[in-house]
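These are my notebook entries on a structure that is new to me. I set down what I looked up, one topic at a time.

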Amino acid sequence: MMSEQKIRVLVGKPGLDGHDRGAKVVAAALRDAGMEVIYTGLHQTPEQIVETALQEDVDVIALSILSGAHMTLLPRVLELMRDAGMNDVLLTGGGIISKDDMEALGEMGVGQLFGPGTTTGEIVEYIKNWVNERGAKVGAA
Amino acid sequence: MTPTARKDRRDDGRPIVQEASTREERMAARVAAWRDRRDRQSARDIDFTTTSSMEVAPIYTPLDLADNDPLEAIGLPGEYPYTRGVYDSMYRTRLWTMRQFAGFATAEETNQRYHFLLDHGQTGLSVAFDLPTLMGYDSDHPMSEGEVGVCGVAIDSLADMETLFRGIPLDQVSTSMTINGPAIIFLALYMAVAEEQGVPSDKLRGTLQTDILKEYIAQKEWLFPPDPHLKIIVDMMGWCADNAPKWHPISISGYHIREAGSTAAQELAFTLADGFTYVEEGIKAGLDVDRFAPRLSFFWNAHNDFFEEIAKYRAARRIWARHMKQRYGAKNARSLLMRFHTQTAGCSLTEQQPENNIVRTAIQALAGVMGGTQSLHTNSMDETYALPTEKAAKIALRTQQVIAYESGVANVIDPLGGSYYVEALTDRMEAEAEAYFRQIEDLGGVVAGIEQGFFQRELAVAASRYQEEIDTRRRVIVGVNDFIEEDESLEIPILRIDPRYEREQCARVAEVRAKRDDAKYRAAMKSLRQSIRDERNLMEPVLDAVRSFATVGEIVELMRDEYGTWREPSIF
Amino acid sequence: MASTSRTPEVAGLLERFARGDRRALARALTWIENQQPGFEQLLHATHSGLGRAFRVGVTGPPGAGKSTLTEKFALLCRRHDQKVGILAVDPSSPFTGGALLGDRIRMQELTLDDGAFIRSMASRGRLGGLATTSLEAADLLEAFGFDVVIHETVGVGQTERDIVSAADTTVVVLVPESGDAVQTMKAGLMEIADVFVVNKADRPGAENLERALTATLGLKPRDGGDWAPPIVRTVAVEGEGIEELAAAIDAHRSHCHKSGALTAKQRARSADRVRDLVARRVDAHVWEWGGGEEILERALDGIRDGDATPYSVADEIVAAVGLDSRSARPGTEQEERG
């Protein structure tokens, strides 16, 4: 029997913003890096994102936000993740997000956030490293 | 595709040297000899491709234009097929309109910004709405949380629209409004404000974006399925032809297609295909093509590759004129004119070393001008961080002024006309677009292509290829994958939208609902619903609804209820 | 074997699973998918809860609207108070092992429904239209208490045979544009379909497709000898024809119930499962514990030099782990013939 751990990543777009070029490029790049990517599509509420992440038992939630609503949406997702006991899941993402906001979100517990000009290689590496450091998913949450 | 169409070497690779008799043959021999010399030179180890990953030859010569009759294909400005420009004298008569897109927070704040811009020499207004408005949600809808006033101005009802244009006489400015799904509501709101100002609708100049097809393809801000949206657009085209003859009810947009990752040729082809679809819908609905086509306008992106962009605009003019004349039987010369607005490429801006964005924008803007644009928006250097600050927005406007008044490019019409490269590239763009038109036709048209995810897939593939070129450094982006500055610290200020605007706006919309004449509102909404069911032109019922202070969200909700919603196909 | 004992980790997960903790279900599915140590314990422990749910397969060419149809059917089940679990499979890249799972985009109305659960699965190398562990995942969903389990296949256009054994009723979804596919897939479709759906039936060509199907139907009655697959027309995005589809599925179910085909199918499924497990154990026995790998490694040079053949090496390995090769291995016949 073959035991095979795959990194599973939810890639989604919360809120009303429909600019999905980056999300799709990243989704394809993560697939090409050997990950299983659940692409949720557009206009997701934080509730939908967290419930999807739960059902899919993902390692990582990666959200793309270009609308400027990140200070509302990301903390809300984080809160719902905590309510659901998803303490072994990384919340990361990218978009038009200022350095100050990135820092503030980082303090709340959001992982690294990536701006325009990021290479997909950086994102792949970040996720792989994070999952390595976390270690394998275990039964207990 | 080889850049030179004709054979100028033997099968063994040696150039054909012969007693060249004609000029063309002498040219071919010279080019072959040059190529031999060049082949002995080393070349830099990079891909010689355009921004769209299209390979280009090291040189273009008259041989590349062998099939191109200069009179037929290139001609002169103001005459068919308009390759060189839509007007006889272009910028000698009137410079392009410098139209900076602006809007943030509330109508009150944005109104102040408009006064500032008009005072600084801007000649047209361009309204940026926030996402809830674009998606047809009122500011107090749960989906709007955190988004109110963030990427543009929040407009919930006629009350906000009155504030937005306070002190701006609508018969003296031209206004562009970037809104698509709820476009008919905004046409009605603008007309209602003009009514209150005492300006008749036939005096109003401006443009509504309205282009829903590119929303399904690229920007993803649709409200209903394609068919009802197209029906509403035909309503708007018909109403404007009768009542607001100077108004452009639709601006067929390639900008967002490009921003979503397309190549220049895809932007060209998909946008023109969208345009043809609107023309066909209008004709199908019984409108005379020469009544509405003169009011169709276009909106293109200006990306980094200077010549490729110029070729794109020139090809667009020629293709549009040909199809309008030959395929749709337009008789009025004005129906053949591809008039357009240009915006520099937001997606080309980098977060790293943001000041470099000023330079990128200048090059892109220059391409727009040399391509013969009718109006232009230049992006601000700080747009990868947030909405532009006043200073950054001013530099962007000044960039246009430097081009207009200092560079000298506005002195001569189509200054690159006749350039072997630009003409060859224009021909190639046209050929690529025509190939796409055939493919789209085989799919069953634009709407069928959208439902099958064809365009969306093409864009995703092109975007991934472009990113891969950057990731592997086959494409250099200054400051991003080369010429990187370590420990770069941000030295430009950031515009922040105070969250209090959202609270204020929510209070305002609640107040509007509380204070309006409820009976009048209900009657207007009832009549709108009935008009939808009877498939009547919706413009007058929507006008009545906005006059009764029905909110944008309420009207859209009623329409969603009648028309349904639409979900994107999965393209992976 | 390890499948009957429980580690504390498994016990903890099972306890939460039994309490109806959806996160425990999600995690258990991950164990199954990864075939992580302990996954057989999970399956063993939850197996007694099986035999109640109805399993529906949805298959068809790309762009036929499988996900939308699945969603609408699931929503109908929900209105009848049935809990629905969905396993939606997309292909894994054979080169990188990665996958893009996008079926949920078309099933968003179910996301926040407590009575529904969707899991996207990558095929992970399996070619028959399902994922390597689709069957086990379906067992888990059933054990968790879902009344209906829907398998949505990869849908790459070819005939996807896995679905036949995985589902009690298989729905083949076609669209007017797939008229040509019907001709080339004829035989395969006939074997698979219990119910045909002509989706997007408001488009031109629906009539023709239905006629083409009717013309080839009725030739091979199945499932007890007298089941003729009905053709249901739907416009899934509009929700049209979904009631009729549900009725057709129901009719097939009761037909199979009466004719005994359902029991036979479930028995066959159990038999397959045992055979698979035995094969897996034998495999593990030979390669992981029995030293097969070392013998193989040593023998490869011999095969190159002509001192041994793959057949003789296979015999050697099988004999070394204590299995009688003469009666079990086709390699033996080859050798004897040679």
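**Entry 1: a helix pair in chain B**

At what angle do helix H6 (residues 183-197) and helix H20 (residues 539-547) of chain B pack, and how far apart are their axes? I note at the outset that the model is predicted. I found an angle of about 60° between the two helices, and their axes are 9 Å apart. H6(B) and H20(B) are therefore oblique to each other. I recorded their crossing as right-handed.

I then listed the residues that meet. H6(B) brings B:Ile184, B:Ile185, B:Ala188, B:Leu189, B:Met191 and B:Ala192. From H20(B) come B:Met539, B:Val542, B:Leu543, B:Val546 and B:Arg547. Sorted by class, the contact of H6(B) with H20(B) has 10 nonpolar residues, no polar ones and one charged.

I turned next to helix H19 (residues 518-533) and helix H21 (residues 552-563) of chain B. Their axes come within 10 Å and cross at roughly 30°. An angle under 35 degrees counts as roughly parallel, and that makes H19(B) roughly parallel to H21(B). The crossing of H19(B) and H21(B) is right-handed.

On the H19(B) side, the contact is made by B:Met525, B:Leu528, B:Arg529, B:Ile532 and B:Arg533. On the H21(B) side, I noted B:Leu558, B:Met559 and B:Glu562. The residues of this contact divide into five nonpolar, no polar and three charged.

**Entry 2: the sheet of chain B**

In what order do the five strands of the open sheet in chain B stand? I read the order as S2-S3-S4-S5-S6, with parallel pairing. Strand S2 (101-102) and strand S6 (247-248) of chain B stand at the edges and have a single partner strand each, so one side of each is left without a neighbour in the sheet. I looked up one pairing in detail: strand S5 (residues 205-208) of chain B pairs with S6(B) in the parallel sense over two bridges. Opposite B:Gly206 stands B:Trp247 in S6(B).

**Entry 3: the sheet of chain C**

Chain C has an open sheet of seven strands, in the order S4-S2-S5-S1-S6-S7-S8, and the pairing is parallel. Strand S4 (116-122) and strand S8 (231-233) of chain C are the edge strands, and each pairs on one side only. I noted an average twist of 20° from one strand to the next. Within this sheet, strand S6 (residues 169-174) of chain C pairs with strand S7 (residues 195-198) of chain C in the parallel sense over four bridges. There C:Val171 stands opposite C:Val195 in S7(C).

**Entry 4: chain A against chain C**

How many residues does each of chain A and chain C give to their contact? I recorded 34 residues from chain A and 34 residues from chain C. Helix H1 (21-32), strand S2 (36-44) and H2 of chain A are the elements that give two or more residues to the side of chain A that touches chain C. The largest share of that side comes from H2(A), with seven residues. By class, that side divides into 15 nonpolar, 10 polar and nine charged residues.

I also found strands paired from one chain to the other. S2(A) and strand S3 (residues 99-101) of chain C pair in the parallel sense over three bridges, and A:Val37 stands opposite C:Leu100 in S3(C).

**Entry 5: chain B against chain A**

For this pair I noted 32 residues of chain B in contact with 28 residues of chain A. Helix H4 (131-134) and helix H17 (454-471) of chain B each supply at least two residues of the side of chain B that touches chain A. H17(B) gives the most to that side, with six residues. The residues of that side divide into 16 nonpolar, nine polar and seven charged.

**Entry 6: confidence**

The model scores ipTM 0.94 and pTM 0.89. Chain A averages a pLDDT of 92, and 94% of the residues score at least 70. Chain C averages a pLDDT of 86, with 87% of the residues at 70 or above. Over residues 327-338 of chain C, pLDDT stays under 50, and the model has 12 contacts beyond four places in sequence for them. Where pLDDT is low, the predicted coordinates should not be read in detail.

Definitions and conventions:
Residues are numbered from 1 along each chain as its sequence is written. Chains are lettered from A and ligands numbered from 1 in the order in which they are written. This is a predicted model: local features need pLDDT of at least 70, side-chain atom pairs count only at pLDDT 80 or more; totals for chains, interfaces and linings use all residues. Two residues are in contact if their C-beta atoms, placed from the backbone, lie within 7 Å. Ala, Val, Leu, Ile, Met, Phe, Trp, Tyr, Cys and Pro count as nonpolar, Asp, Glu, Lys and Arg as charged, and the others, Gly among them, as polar. Axes are lines fitted to C-alpha atoms, for helices over the stretch in contact, and angles run from 0 to 180 degrees between N-to-C directions. Angles under 35 degrees count as roughly parallel, over 145 as roughly antiparallel, 65 to 115 as roughly perpendicular and the rest as oblique. A crossing is left-handed if the near helix is turned anticlockwise from the far one by less than a right angle, and right-handed if clockwise. pLDDT is the predictor's confidence in each residue, from 0 to 100. Two strands pair if DSSP finds at least two bridges between them.
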